[in-house]
Amino acid sequence: MFKNLKHDYMSWLILLGSMVLLLDVFFFNKGLIFSLFLSAGMIYLGKRKARKKKGKLLFWGGIFFFFASLFNMLTFKFFLVAVMIHFIIQYGNSKKKPHTITPILVEPQSQSETIITSKPLFENVLIGQLKTPNHVYEWNDVNILAFIGDTMIDLSYTVFPKGETVIFIRNLIGNIRILIPYEMEVSLNHSVMVGSTDLFDFHDVKKFNQVYHAKTPGYDQADQKVKILTSLIVGNIEVSRI
């Protein structure tokens with residue numbers, strides 16, 4: 001019963017939040033969509049002209065207007081209050097009915113499972129550039145989350161295991177460039193709100209809200225292959241041979 005109540009509580013919270021968002025966009029803050037698109041455009045242009053002073057001003061100005069628009073949203077304030085109320089309710093319930101943990105003793109098994117860990121190539125970043133080293137390195141599948149910054153992966157300095165190699169990148173704003181050896185077969189699954197896509201000889205100019213799924217002809221039968229899964233809000237992706 002408690003689980004059902006908790007589920008209903010979260011459902012009502014999401015429903016009310018969606019209603020507040022619609023009211024915020026269409027009645028109380030009609031310029032919100034324009035402000036978000038303007039800040040995204042400023043950030044994108046600033047990234048393209050990052051070496052110039054004007055580009056840096058556009059980039060940081062876009063960041064400022066983005067967060068200013070976010071904090072001024074009625075929806076943001078609603079969820080902030082909702083989170084505070086949620087923690088207050090949880091705290092009150094914990095005082096009324098403290099949660100008791102009863103240990104369960106389990107007889108140790110004769111065999112233990114061995115876990116092998118390895119150091120990842122990249123760490124998640126908030127702001128900054130991610131790049132593979134310019135020397136031979138040991139390959140590990142990539143699964144990273146970045147906020148703002150470019151990602152550059154050069155696969156010519158490593159040796160791949162047999163089977164499918166996975167590169168998974170989620171980024172808010174920035175460009176992705178991946179260099180693939182000629183003998184490797186490739187599959188690309190890319191999602192972007194605003195940006196261009198270059199996959200070998202395939203070129204698609206900047207478009208809005210696109211999803212691409214393509215692969216080389218011998219991908220399914222290849223012993224060694226690279227599967228690329230990427231998502232961007234604003235930015236370009238380039239996958240080319242080296």
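This is a predicted model: local features need pLDDT of at least 70, side-chain atom pairs count only at pLDDT 80 or more; totals for chains, interfaces and linings use all residues.
The average pLDDT is 77, and 69% of the residues score at least 70. One stretch needs a caution. Residues 1-7 stay under 50 in pLDDT. For residues 1-7 the model has 0 contacts beyond four places in sequence.

Now the layout. The protein has 4 helices and 10 strands. From the N terminus, the order is α-α-α-α-β-β-β-β-β-β-β-β-β-β. Of the 242 residues, 31% are buried. Take the contacts between residues at least 6 apart in sequence: 63% of them join residues at least 24 apart.

Next, the nonpolar cores. The largest has 25 residues. Which of them touch the most other members? They are L155, I167, I178, I180 and I228. Six strands each supply at least two residues of this core: β3 (142-148), β5 (163-173), β6 (176-180), β7 (185-199), β9 (224-234) and β10 (237-241). The largest share, 4 residues, comes from β7.

Look at I180 in particular. Set aside its neighbours within four places in sequence. I180 is then in contact with L155, V186, V226, I228, V239, S240, R241 and I242. A second core stands separate, with 7 residues. Among them are I43, Y44, F59 and V234.

On to empty space. Rolling a probe the size of a water molecule over the atoms shows where such space is left.

How many cavities of 30 Å³ or more are there? The count comes to 1. The largest cavity has a volume of about 30 Å³. Its lining is Y44, K47, D150, I173, G174, N175, V234 and G235. By class, that lining divides into 3 nonpolar, 3 polar and 2 charged residues.

Now the second largest pocket. It holds about 200 Å³ of space. The lining has 13 residues, and the closest to the pocket centre are T151, N175, I176, R177 and E238. Which elements give two or more residues to this lining? They are β4 (151-154), β6, β7 and β10.

P181 first. P181 sits in the loop between β6 and β7. Is P181 buried or exposed? P181 counts as buried, because its relative accessibility is 9%. Leaving out residues up to four places away in sequence, P181 touches L155, S156, F160, R241 and I242. Take L155 from that list. P181 and L155 are 26 residues apart in sequence, and 6.7 Å apart in space, C-alpha to C-alpha. L155 is also one of the residues that touch the most other members of the largest core.

Then F200. F200 lies in the loop between β7 and β8 (202-215). What stands out is the backbone. Most residues other than glycine have a negative phi. F200 is not a glycine, yet its phi is positive, about 55 degrees. As for the surface, F200 is partly exposed, because its relative accessible area is 21%.

Key. Residues are numbered from 1 along each chain as its sequence is written. Side-chain values use heavy atoms; hydrogens and water are left out. A nonpolar core is a set of buried Ala, Val, Leu, Ile, Met, Phe, Trp, Tyr and Cys residues joined through side-chain atoms within 4.5 Å. Buried means under 20% relative accessible area, exposed over 50%, partly exposed in between (1.4 Å probe, protein chains only). Contact means heavy atoms within 4.5 Å. On a 1 Å grid over the protein atoms alone, a cavity is a set of points where a 1.4 Å probe fits but cannot get out, and a pocket is an open set with protein on both sides within 12 Å along at least five of seven lines; lining residues have an atom within 4 Å of a point. Grid points are joined across faces, edges and corners, and a volume is the space filled by probe spheres set on the points. pLDDT is the predictor's confidence in each residue, from 0 to 100. Ala, Val, Leu, Ile, Met, Phe, Trp, Tyr, Cys and Pro count as nonpolar, Asp, Glu, Lys and Arg as charged, and the others, Gly among them, as polar.
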